[in-house]
Amino acid sequence: MLEIKSSGMCGSDLKFYRAAGGAQSLGFAAGSGPVIAGHEPCGIVAAVGSGVSDKQARVGMRAMQHHYRGCGVCAHCSTGWMQLCVEGVAEVYGVTGHGAHAKYMKCPARTLVPLPNELSFDAGAAISCGTGTAWGALHRLGLQGDHTIAIFGQGPVGLSATQLASAMGARVIALDTSDARLQRAKEFGADCVINPKSTEKVVEAIKDLTHGLGAHVSLDASSSPAARAQAVRCVRTWGKACFVGEGDTVTLDVSNDLLRRQVTLIGSWTFSTVGQAECARYIADRAIDVDAIFTHRWKLEEAVEAYRLFDAQTSGKGVIHPS
């Protein structure tokens, strides 16, 4: 049993919130009935079952929660990739199983990831989805300090990618249609910013910033079909493009956009428990201010107001403090 101290609000929650017609409580309709929302959990272990060893979890342990439950024994589950379970994901907490917008959350010990003492519970909540997703994508791209990366979309995941890529020493070109988000991207380490509303030649603008070659790698966190296509076209020959934004589509010219430029296209879905722990340790060791990703902090009883504001998508990222 995890006593929740911080429960982040993620953009992917909104599709369930909207499907429920704008939930009037913490329960979103999913599957056979409503479940408690929240898939960015962080807190303190309050109780353990009789079969749980101290190595897995102990009362008082500070922990994040990997928000998937698989079979626990297949090739993917045993390496921490429970969302890729061969048997099919048994539960996605906050979607098909009760999540963390509550004072307590019940979950298997194997889904817990220790939170370093140097990090706040808010930082742990961010790493439990948005920041961890950015970390996983940057590693899939093989980002290096001498790379230039173009990051499309400066919402929570894109902004986290900007912050982490900058900390890794890479040169960051941040793109978003919101000037306010681009300003935040600068504050989080972006070297250059581009608002696609200000130019129809986004790819050319990126090439102008990279001596005509294009970015080494790119990351799309926007889910925009246009941005996804630009993310592929803006990389140089032998470059890599990664998609992390959920939903929608993209249309590409396979020969000219990919094959004849030797471009690698990658899809990246969240992270493993191992990756989550590595991300947390990296952030702790380098004192990266992940807490700054949150612009709003709410009490549990303010959750309805919090989601109404979040649904307008005119603000940043929120976190709920149940206890």
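Author: Helix α10 gives the most to the lining of the largest cavity, with 3 residues; helices here are DSSP runs of H or I with at least four residues, strands are E runs of at least two, and both are numbered from the N terminus. This is a predicted model, where local features need pLDDT of at least 70, side-chain atom pairs count only at pLDDT 80 or more, and totals for chains, interfaces and linings use all residues. Residues are numbered from 1 along each chain as its sequence is written, and side-chain values use heavy atoms, leaving out hydrogens and water.

A cavity is a set of points, on a 1 Å grid over the protein atoms alone, where a 1.4 Å probe fits but cannot get out; lining residues have an atom within 4 Å of a point. Besides α10 (303-312), β16 (294-299) and β17 (317-321) each supply at least two residues of this lining.

As for volume, the largest cavity has about 40 Å³, taken as the space filled by probe spheres set on the points, with grid points joined across faces, edges and corners. The model has 2 cavities of 30 Å³ or more by this rule.

How values were computed. 1 Å grid on protein atoms, 1.4 Å probe; cavity = no way out; pocket = protein on both sides within 12 Å on 5 of 7 lines; lining within 4 Å.
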